[in-house]
Amino acid sequence: MICIYLCTIALFFATSSAGFTFFSILRVTPRNPFLAFFAGFFLVSLLAMAVSLVKPLTLQYSLLCLTPALLGIKQLRRLFSSPASQSGRHLPILAFFFATAGVCALGTAYAEWTSYAYDSDLYHIQIVRWLNEYGTPFGLGNLHSRLANSSIWPLFAALLNHSFLQDSTPWIMMPTFITAFTMYFVHDFIDSSSRPLSIYALCMFPVCIYSTLFWGYPNLYHDFPSLAVLCISGAELLHMLFSQQNRTLSSTISAITCIALSFLIKPLSAISVLIITPIALYYYYTSTNFKFSNILIIFAFPLLAAILWCARNVITSGYPFFPISIFPFTVDWAMPLRDVTGNATAVRAWARMPGPNHLEAFERGISFWFLPWAKALISSKQAVLTTLLPFTAGCVCWFFIRKQLTSREILCLFGWSLLSIVYWFWMAPDPRFGRELFWIFFALGSACFVQYWPVNVTSILNNFFRYQDKQRQLCVVIVLFFMLASCAISFMHRLQGNSVAWVSLGTINPWPTKLITAESGAAPFDIYIPFDDDRCGNSPLPCAPTVPQHTVRRDAIKLGAGFRPNTQQ
């Protein structure tokens with residue numbers, strides 16, 4: 001645990017330092033200094049993606065990608081000394097940061113790799129190994145369709161997967177991200193002069209609490225990180241809503257960068273990209289500081305990210321928008337269309353009806369899967385508390401301010417938060433893929449309710465914030481207590497058969513595999529296959545859940561040359 005704690009703090013500061021470099025390049029200052037962590041994650045990941053297209057992410061190239069962290073070290077003091085913190089609020093924020101990091105580190109203090117990280121063993125860890133050893137091989141999705149995943153989450157893990165962190169990155173990735181996410185809203189709650197922002201942050205504290213319960217163990221899942229950054233995009237839009245003075249270039253860059261980061265981590269927020277981007281631009285356009293020349297500054301990095309993301313998709317699958325099969329490239333390594341569509345269908349069908357017969361959800365339609373899905377959702381206490389409860393509370397808040405929906409700005413936020421939930425239901429209605437969307441809907445509704453429904457509410461809030469600093473700090477202490485309790489529950493539940501690593505970091509164990517020869521056409525090749533399972537884990541390369549029947553290597557000698565479909569069969 002001690003090593004996890006120290007690595008979490010070091011990774012947070014290094015990434016935040018890179019974030020301040022990002023803002024310095026664009027010559028803006030973030031409203032919330034903890035935005036620097038997410039901007040740094042974005043910048044470093046873009047560098048890593050660019051390098052990985054041509055070179056493996058060895059230690060030397062990984063250090064090269066982390067050089068922005070060296071350029072922003074002097075600005076790290078901004079994390080705990082924002083202008084509003086001159087009254088001494090920086091000390092509680094500093095204390096809360098170290099306490100939050102400690103709580104999150106405790107949640108992953110397992111001595112051994114757990115069996116709960118199914119998808120991490122299925123393909124996340126294998127992607128990290130490919131990135132470290134070969135970079136981005138052509139047609140990697142032909143070996144296993146999940147390996148064509150272009151998320152920057154395993155990409156960032158590959159950057160850290162060296163030296164004493166070798167095979168240990170799952171122990172520090174999630175604690176660091178949850179710490180940064182929590183501190184962003186702690187800062188908004190304690191240090192913000194905007195009451196709607198404070199209420200929005202208050203509504204996000206339950207997300208901070210249950211994140212340690214659901215994700216507080218070593219893993220490389222990236223559903224929560226993607227949606228967590230989307231929550232931050234909502235806060236940035238809310239900041240721009242109520243005052244034209246807040247519609248600055250910095251706020252616009254923050255909102256659009258966060259939505260781009262959310263998509264790059266996992267495209268759960270695809271519809272949000274299409275909605276948040278024009279909303280943020282509209283807010284900026286209506287400000288007194290609008291300049292057409294700044295549009296290039298706003299989109300410089302997101303456009304670069306889009307180009308790199310599409311390029312990586314083309315290399316791994318032959319499809320620029322994988323797993324969507326539009327605009328395929330006619331290259332020899334392009335995945336068969338049935339594999340591309342089958343990959344997307346399997347994920348969407350499983351979200352509707354988990355089990356061996358999940359594909360029937362698409363074959364037989366909504367009338368077949370909806371009632372069992374709804375019954376499972378309602379019967380799960382976790383799902384009720386984290387989806388239905390905030391959705392119901394959000395509906396109540398929006399109902400009371402329904403007359404304000406005639407305002408274009410309010411209607412935009414309401415429409416985005418509601419359409420995001422509708423899109424989740426249509427795409428993959430598993431709570432794991434959209435839990436935070438319900439909290440965004442509730443938090444935005446609560447913030448607008450407080451702003452536009454002043455009768456009695458204002459007096460109650462004024463009484464609550466009469467002793468502003470003490471009251472808010474007490475709330476954060478309560479949140480940290482529940483985070484600790486949530487972490488302890490999760491820890492004890494998953495500790496069965498495992499032990500506690502009080503000092504050292506745990507490591508990922510190779511999954512039991514056997515080496516066989518894949519007889520595919522005239523070019524058979526050796527491949528590792530799991531024993532009685534479909535998970536490769538940290539097994540040597542190449543490894544696949546099953547023997548590929550229609551895949552051959554593009555080069556019999558160089559494994560990094562990738563794979564292609566066997567056209568001779």
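R402 lies over the face of F399, at 4.2 Å from the ring centre. A second case is R247, whose charged end sits over the ring of Y283, 4.8 Å from its centre. For a charge to sit over a ring, NZ of Lys or CZ of Arg has to be within 6 Å of the ring centre and within 35 degrees of the ring normal.

A quick word on ground rules: this is a predicted model, where local features need pLDDT of at least 70 and side-chain atom pairs count only at pLDDT 80 or more, while totals for chains, interfaces and linings use all residues. Residues are numbered from 1 along each chain as its sequence is written, and side-chain values use heavy atoms, with hydrogens and water left out.

Now for rings meeting rings. Rings of Phe, Tyr and Trp (its six-membered ring) pair if their centres lie within 6.5 Å; planes under 30 degrees apart are called stacked, over 60 edge-to-face, and the rest tilted. That rule gives 55 aromatic pairs. One of them is the tilted pair of Y210 and F214, with 5.3 Å centre to centre and 40 degrees between the planes. Both residues lie in helix α9 (residues 195-215), 4 residues apart, or about one turn of the helix. Helices here are DSSP runs (H or I, at least four residues), numbered from the N terminus. Y210 is buried, and F214 is buried as well; buried means under 20% relative accessible area with a 1.4 Å probe, protein chains only.

Over in helix α19 (residues 435-452), W439 and F442 lie 3 residues apart, again about one turn of the helix. Their ring centres are 5.9 Å apart and the planes stand at 75 degrees, so this pair is edge-to-face. W439 and F442 are both buried. There's also an aromatic cluster, whose members include F12, F34, F97, W153 and F177.

On to the cysteines. The structure holds 1 disulfide, meaning a pair of cysteine sulfur atoms within 2.5 Å. C536 and C543 form it, with their sulfur atoms 2.3 Å apart. The torsion about their S-S bond is about -90 degrees, so the disulfide is left-handed. What about C397 and C448? C397 is in no disulfide, the nearest cysteine sulfur being that of C203, 7.3 Å away. C448 is in no disulfide either, and its nearest cysteine sulfur, that of C397, is 9.5 Å away.

Here is how buried these cysteines are:

| Cysteine | Relative accessible area |
|---|---|
| C536 | 1%, buried |
| C543 | 2%, buried |
| C397 | 11%, buried |
| C448 | 0%, buried |

Key: Helices (H or I, at least four residues) and strands (E, at least two) are DSSP runs, numbered from the N terminus. Buried means under 20% relative accessible area, exposed over 50%, partly exposed in between (1.4 Å probe, protein chains only).
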